[in-house]
Structures are given as structure tokens and as C-alpha cells.
Amino acid sequence: MENVPEVTALETITQKNPHVQIANQDTPRTIPTVKHTSTMQGKSTTKETFPFRDTYKIDLSSIPVMTNKNSITALQLNPTGLSNAKQLLLNKYLEDQKPDFVALNETKKQIPENFFTNYRTFSRCIGQNQRGVSLSVPKDTSCFEIKELENKKFDSIWCAVQYHKQPILVATAYIPPGEVNIMEEFIITFESAIDFAKANNMKGVLFVGDLNARSTLWGDSLTNNSGSTLERYIENKLVNILNNGENTFYAVNGSSVIDLCMTTDQLANWKSTFYTDTEAELLTGSPSHGHVPLKCYLPSFSSTEKVTAFKIGVD
């Protein structure tokens, strides 16, 4: 019987995506080990890391650039499920707001690419808890997924885009409440994303998502275990939280800041604006019980104006 050469997952991705090129296959890099000290038991535990599969690079020259844009706006919302009525309201909301990226968390199902009228949607509902996430971009925006960054333990989407000749990595994810181990997995994956962005000379990483990580450092009334884990990671990395302290989830028995906008320093060093839309009625249950839309605005990367970004753990 003739020996058929094995086709690797990397080669399969390369065949499907012309923007991906194999490189440095013999020297895979690894990312730092993440350590977490449980506040409940007072024990130090170390999470094992995995080799980052960055053995391919993106040929950014063939990706069209987003033109006629002097800013970029990301919008995130946890609608806790998507009914037909919510879909209609969200479509109207997007027509009014015209964001460049739309991240939904807890979609609770896989949604089609044409879910929104003027947007192309990437959807995932494969994590252990199958809560579901989606990331949508305008149909005239060239964007493709980096599936190598997916983690089977939680739902996430990672996409590369060209913006004013400044390639960036945009992403969303959902982490269930109380799942510190999954939060640690998210941190490892986020570190991989930073490594990937650097390897491909990207401007940085822009993340928006519901991490259920509460911390007084980003405006919550308390700090939970997931928030404490995320705090320790951010304090030692060039990663910033752009939230301004406004609640993103409202409830009669107490509100919280659990939907976060995170960037690497390369993006956070540019003037940015963050706010929540408490007036929007999208059938999420807010303001009595539910999430409100989170918006993050970044100016053109070609701007010469820089400001000092809010850095967690730094006065």
C-alpha cells in the first residue's frame, strides 16, 4: 500500500486561506507559564502552557485596507440569547450606530453569516458550556479568522484586519461566572494572541467581551476570583483595560462591570473613548436586569496625538 503523506492541520489551513503562509515550522515558540494563587484556599497552583502554534504567518499585502476611515469603533453586548425580536432591534441599532466591529456574547446558538443586514458574521458555539459568541464586520471590510487561536474550553473568535495599513487583531470571548480555570485558559490564549500579533507585525490586539471578571480596579463594587486572576496578569503585562468604571450589567440586587474592553499598549497609547449606552432598548433586560451595549472608540493610528492610557495597577 502506497504511503500517503500526512496533511497537517497547518497545511489544511494554508490551503483554505491564501493569506496564510507556513514559516519556521521547526522552531515553535512557547508562551509564559501563568500562575494563579487561589484566594479561597491560599495555595499556589501553576497552569501548564502549550506551544503556541505560530508556525505560519499572514501575508498582509493581499488583504484590502479599510479606506476612508479616520476612526474605529467596537461595540459589544451580551443579549443572553437571540430571539427574532432581538435580531430586528439589533439590526436597527447597528444601522444607527454603524460600528466597525460588533461582538455578541451568550448568543446561545450558532448564527448565520448574514444574521445582520449589512455585516458579515463569524459565529462560534463550541465551548464546554456552549454559550456562543459572534463577531461581525461590515460586508465591505476584509477580515478573516485566525482559528489557531481558538480554545475548545471556551467560545472565542479572533480575526485579522487591515486598518489604515495598520493590521490589528480583533477578538471576543465569553467566560462563564465562577470559572477561574477557564479564565486562566483565556489568559494563556490572550498571551498567544499577543505573540501572534507581534510575529506578524500587527499594531496590537483589541478585545471586547463578557469575562465575568469583577474588580474594583475597573470600577466594580467588589473583586471576585476571576477578577483577581485577571488583575495579576494585567499588572505584569503591557495590557490595558479601557473601561471607565460604568456598570455594564444591571440588576436589582447589584450591578457590575463584567464586560471589558482590553488592548495591548500599542493601541491603548492612542487616544480612546469608552462608554456604555444605557438608553438602548435591545430586550436584554436592562436596566432592571441585563447587559447594556459597550462601545470603544479609537482614532486613526496615523494620528500624532498620544495620551497616557489607564493602566491597571499603576497610579
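A cavity here is a set of grid points where a 1.4 Å probe fits but cannot get out, and its lining residues are those with an atom within 4 Å of a point. Keep in mind that this is a predicted model.

With that in hand, let's look inside. The structure holds 2 cavities of 30 Å³ or more. The second largest cavity comes in at about 30 Å³. Around it sit Ala-74, Phe-101, Leu-135, Val-170, Ala-171, Leu-206 and Val-208. What kind of residues are they? The lining of the second largest cavity is made of 7 nonpolar residues, with no polar and no charged ones. Two strands, S13 (166-174) and S14 (205-210), each bring at least two residues to that lining.

Now for a pair of loop residues. Lys-98 has a positive phi even though it is not a glycine, and Asn-201 likewise has a positive phi without being a glycine. Here they are side by side:

| Residue | Phi | Loop between | Relative accessible area |
|---|---|---|---|
| Lys-98 | about 55 degrees | helix H2 (84-97) and strand S8 (101-105) | 59% |
| Asn-201 | about 55 degrees | helix H3 (180-199) and strand S14 | 66% |

Lys-98 counts as exposed because its relative accessible area of 59% is over the 50% cut-off. Asn-201, at 66%, is exposed too.

Finally, there's Pro-299, which belongs to strand S20 (residues 294-299). Is Pro-299 buried or exposed? It's buried, because its relative accessibility of 14% is under the 20% limit. Pro-299 also pairs up in space with Ser-272: they're 27 residues apart in sequence, and their C-alpha atoms are 6.7 Å apart.

Definitions and conventions. Residues are numbered from 1 along each chain as its sequence is written. This is a predicted model: local features need pLDDT of at least 70, side-chain atom pairs count only at pLDDT 80 or more; totals for chains, interfaces and linings use all residues. Side-chain values use heavy atoms; hydrogens and water are left out. On a 1 Å grid over the protein atoms alone, a cavity is a set of points where a 1.4 Å probe fits but cannot get out, and a pocket is an open set with protein on both sides within 12 Å along at least five of seven lines; lining residues have an atom within 4 Å of a point. Grid points are joined across faces, edges and corners, and a volume is the space filled by probe spheres set on the points. Helices (H or I, at least four residues) and strands (E, at least two) are DSSP runs, numbered from the N terminus. Ala, Val, Leu, Ile, Met, Phe, Trp, Tyr, Cys and Pro count as nonpolar, Asp, Glu, Lys and Arg as charged, and the others, Gly among them, as polar. Buried means under 20% relative accessible area, exposed over 50%, partly exposed in between (1.4 Å probe, protein chains only).
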